[in-house]
Amino acid sequence: MRPRPLWFRLLRHALLAGLGLLMVLPFVLMVSISLKPAHEIFAPEFRLLPEQWHAWQNYSLAFAKQPLGRYLLNGLLVTACIFAAQALFALPCAYALAKLRWRGRETTFVFVLLALLVPPQVPAIPLYIGLWHLKLLDTYAALILPSTISVFGIFLMRQFFRTVPDDLLHAARLDGLSEFAIVWRVMLPTALPALVAFGLLSLVWNWNDFFWPLLVIQTDTLATPPLGVVFFANAEAGTNYGPLMAAATVITAPLVIAFLVAQRWFIDGVTMTAVK
């Protein structure tokens, strides 16, 4: 193939850089406001860096006004339990759809694809009524149980499992491994990049989920990070933007750190999943 002309490559990189800057700009503004005192936040001219650093006061006030540490622990607990349950269901289901031959496999996969089209708000009312009958509202179970099965996770892992050679499975069966043993002892180690990619996506989705916790949680001590920011904003009446942006920065930081740590596995997992 002929190489792209220089002007095309420069234009492409300039466009990507501009879009990347547009995506990062709100987070830069959030961090900038979290470092400023109130009179600089409402000043007519904008400065990226504060003339008078107010970071310690804003962040300490954010933790003093609301239990941000408890919100972070709630988020870690809920997202970790959800991801563990999703992986527990997704791996065997994906293996059955990718490597086992059984009547109705393709039809079942079609239903999995159709389930991807259903917004999470659609089953919210029956799930809420069911949890109310079970007396599980305003508990950790109400946050975890509705998300334990991820059709996207099943789809993603199924696409990855299709790239695994069948000869590897035949060798495992000749060694006497059962199908469940093959899932956990053969397929799981080979699927770690895809599992990490799915784990990051699950972390971002469930960490940032606001709709469902708002429905089922009324107690401040059970609030997830996005709901905790709303409680903080209500307590501050929406005027003390320095501590509010500091709280938002603290709650956003774990997602950024998780992606920076696992970005290599994330890219490998997404790339290898798209091979077929």
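Which residues line the largest cavity? I started there and found Val78, Ile82, Leu143, Ser147, Asn206, Asp209, Trp212, Pro213 and Thr224.

**Ground rules.** I am working on a predicted model, where local features need pLDDT of at least 70, side-chain atom pairs count only at pLDDT 80 or more, and totals for chains, interfaces and linings use all residues. Residues are numbered from 1 along each chain as its sequence is written, and side-chain values use heavy atoms, with hydrogens and water left out.

**Cavity.** My working meaning of a cavity is a set of points, on a 1 Å grid over the protein atoms alone, where a 1.4 Å probe fits but cannot get out; lining residues have an atom within 4 Å of a point. Grid points are joined across faces, edges and corners, and a volume is the space filled by probe spheres set on the points. I counted one cavity of 30 Å³ or more. The largest cavity holds about 70 Å³ of space. Helix H4 (68-99) and helix H12 (211-216) each give its lining at least two residues.

**Pocket.** Next I looked at open space: a pocket is an open set with protein on both sides within 12 Å along at least five of seven lines. I noted a volume of about 730 Å³ for the largest pocket. It is lined by 24 residues, and those closest to its centre are Pro120, Pro146, Ser147, Ile149 and Trp205. Two or more lining residues come from each of helix H6 (124-133), H8, helix H11 (192-208) and H12. H11 gives the most, with five residues.

**Overall fold.** I read 14 helices and zero strands in the chain; these are DSSP runs numbered from the N terminus (helices H or I, at least four residues; strands E, at least two). The C-alpha trace spans about 70 × 65 × 30 Å along its principal axes. Of the 276 residues, 37% are buried, where buried means under 20% relative accessible area, exposed over 50%, and partly exposed in between (1.4 Å probe, protein chains only). I also checked contacts (heavy atoms within 4.5 Å): among those between residues at least 6 apart in sequence, 73% join residues at least 24 apart.

**Arg158.** This residue sits in helix H8 (residues 151-161). A salt bridge needs a side-chain nitrogen of Lys or Arg within 4 Å of a carboxyl oxygen of Asp or Glu. Leaving out residues up to four places away in sequence, Arg158 touches Ala94, Leu97, Ala98, Glu106 and Phe109.

**Salt bridges.** My search of the whole structure gave four. In one of them, Asp166 pairs with Lys99, with the closest N and O atoms 2.8 Å apart. Asp166 belongs to helix H9 (residues 166-174) and Lys99 to helix H4, so this pair ties together parts 67 residues apart in sequence. Lys99 is buried at 14% relative accessible area, whereas Asp166 is partly exposed at 40%.

Glu106 turned up again here, in a salt bridge with Arg105 (3.2 Å, N to O). Arg105 is buried at 17%, and Glu106 is partly exposed at 44%. I also logged Arg173 with Glu179, where the closest N and O atoms are 2.9 Å apart. Arg173 is partly exposed at 28%, and Glu179 is partly exposed at 28%.
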